[in-house]
Structure formats: C-alpha cells, structure tokens
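Let's walk through this structure together, one part at a time. Have the sequence and the 3D view open side by side as you read.

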Amino acid sequence: MAIKHHFLLALLTLSIICVGTSSGSALLTDIAQQTDNQKSPSIIFFLPKERPQTGVGWEITTTSGEAELALAKHLVNIGAKEYVAWWCPHCHKQKLLFGKEAYQIINDSIKVECDKRGINPHPDLCKAAKVPGVPTWVINGHQYSGVQNLKDLAKASSYMGDMNFRYIQDIKHLISS
C-alpha cells in the first residue's frame with residue numbers, strides 16, 4: 001500500500017484527540033483539531049455512551065464549514081433524499097460529517113424519518129422507496145446505503161463546488177492499494 005498523505009499518517013499515529021460532548025453521550029476521534037484554514041479533514045469516530053434522546057437522537061457536536069453548507073444546499077436543490085432513523089448510530093455519524101448547521105438544512109428539507117416514533121415520521125415513504133437500511137441516500141434515482149463521505153455524496157450528486165470538507169469517516173481515502 002502507498003500512503004497518499006504521509007503527514008496525515010504521522011498525525012494520525014501521534015495525535016488522536018478525544019472530545020466528548022458536554023453530556024458525555026458521544027466520543028469523537030480527530031486526527032487533528034480542525035481550523036477554518038486547515039485543508040486536511042479530521043476523522044470522525046462515533047461511539048454512543050448513552051441512549052439517544054427518544055425521537056431525536058444524539059446531539060450534533062461538529063460544526064459545518066462553507067463546503068458542507070454548500071453541499072447540503074445542493075442536495076436539497078437536486079431533490080436528494082436521506083432516509084434515517086433517530087436511534088441509528090450510523091445515521092448520527094452521517095450528521096457529524098455534515099456538522100450541525102449543514103445538517104439542519106438537510107433535516108428541514110430532505111431527511112425522511114423512517115421510525116414511527118421519530119419527529120415527523122414517514123415510515124410509509126421509507127417502505128415505498130424500498131430502502132435496505134438506514135442511512136440510505138437516494139440521489140438522481142440511485143441508492144447509496146450506509147454512511148457516505150461527503151466527497152462521495154458530492155460525486156454522486158454532480159456537485160462541483162467547494163470540496164474542502166472538514167471531516168471524513170475513515171482513513172481509506174488516504175491510502176491507496
């Protein structure tokens with residue numbers, strides 16, 4: 001395997017920073033503290049330490065940058081849908097990748113809650129869309145199941161804007177075979 005970003009690999013091995021929410025409900029592992037000028041994304045790891053708030057889920061503890069906001073608006077504009085369940089840790093990880101502000105745009109416009117106990121539930125739409133599990137994105141008639149890195153969502157949706165996303169879900173995008 002060839003490492004594309006030697007600096008990121010070194011950073012990963014030297015500085016794993018754990019940040020818990022004020023309620024202790026989640027654990028985020030970042031390869032570095034994120035700043036607005038930083039070009040390298042941080043890795044998100046979500047491990048729930050307590051039950052989600054009924055009907056809502058866990059608090060989104062990451063913040064959005066301009067790229068996340070622009071992608072969220074683009075997904076709304078093209079009519080994408082995200083099928084989720086409030087209790088799903090994978091769905092929450094997807095929220096963390098977008099950050100609180102960008103995910104609010106998705107939540108208000110294109111999120112479809114599949115659990116009848118959630119806020120504004122639409123289990124009938126989830127069944128009609130034949131989603132195999134949550135989270136599932138439907139973009140331009142194609143389904144993408146599981147947590148998606150934002151660059152993958154950008155590619156699937158033909159997004160051409162800012163791709164300086166703050167977070168990724170794993171290091172597989174930093175390593176090539």
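Helices (H or I, at least four residues) and strands (E, at least two) are DSSP runs, numbered from the N terminus.

Before going further, a word on what you are looking at. This is a predicted model, in which local features need pLDDT of at least 70 and side-chain atom pairs count only at pLDDT 80 or more, while totals for chains, interfaces and linings use all residues. Residues are numbered from 1 along each chain as its sequence is written, and side-chain values use heavy atoms, with hydrogens and water left out.

The chain averages a pLDDT of 82, and 74% of the residues score at least 70; pLDDT is the predictor's confidence in each residue, from 0 to 100. Over residues 1-36, pLDDT stays under 50. Where pLDDT is low, the predicted coordinates should not be read in detail. The secondary structure comes to 6 helices and 10 strands, and buried residues make up 44% of the 177 residues in the chain. Among contacts (heavy atoms within 4.5 Å) between residues at least 6 apart in sequence, 65% join residues at least 24 apart.

Back to H3, where Lys 93 is worth a look. This lysine lies in the helix and counts as buried because its relative accessibility is 16%. Beyond its neighbours within four places in sequence, Lys 93 is in contact with Ile 44, Val 147 and Gln 169. Cys 91 is buried too, with a relative accessible area of 1%, and Cys 88 counts as buried at 4%. After H3 comes Gly 99, whose phi is positive, near 90 degrees.

Now for the nonpolar cores, each a set of buried Ala, Val, Leu, Ile, Met, Phe, Trp, Tyr and Cys residues joined through side-chain atoms within 4.5 Å. Which members of the largest core touch the most other members? Of its 31 residues, they are Leu 71, Leu 75, Phe 98 and Trp 137. At least two residues each come from helix H2 (66-77), helix H3 (89-98), helix H4 (100-109), strand E7 (136-139) and helix H6 (150-156), and H2 gives the most, with 5 residues. Leaving aside neighbours within four places in sequence, Leu 71 is in contact with Phe 98, Leu 150, Leu 153, Ala 154, Ser 157, Tyr 159 and Phe 165. A second, separate core has 5 residues, including Val 112, Cys 114, Cys 126 and Val 131.

Two of those names return in the disulfide. The structure holds 1 disulfide, defined as a pair of cysteine sulfur atoms within 2.5 Å. It joins Cys 114 to Cys 126, with the sulfurs 2.0 Å apart. Because the torsion about the S-S bond is about -90 degrees, this disulfide is left-handed. Cys 114 sits in the loop between strand E6 (111-113) and helix H5 (123-129), and Cys 126 sits in H5, so the pair ties together parts that are 12 residues apart in sequence. Both cysteines are buried.

Finally, turn to the sheet. Here 4 strands form an open sheet in the order E6-E5-E7-E8, with mixed pairing; two strands pair if DSSP finds at least two bridges between them. E6 and strand E8 (142-145) stand at the edges with a single partner strand each, so one side of each is left without a neighbour in the sheet. From one strand to the next, the twist averages 20 degrees.

On one side, strand E5 (residues 81-84) runs antiparallel to E7 and is joined to it by 3 bridges, with Glu 82 opposite Trp 137. E7 and E8 also pair in the antiparallel sense, over 4 bridges, and in E8 the bridge partner of Trp 137 is Tyr 144. The hairpin of E7 and E8 has 2 residues between the strands, and Asn 140 takes a positive phi near 50 degrees there.

Key. Buried < 20%, exposed > 50% of the residue type's maximum accessible area, 1.4 Å probe, protein only. Axes fitted to C-alpha atoms, helices over the stretch in contact; angles between N-to-C directions.
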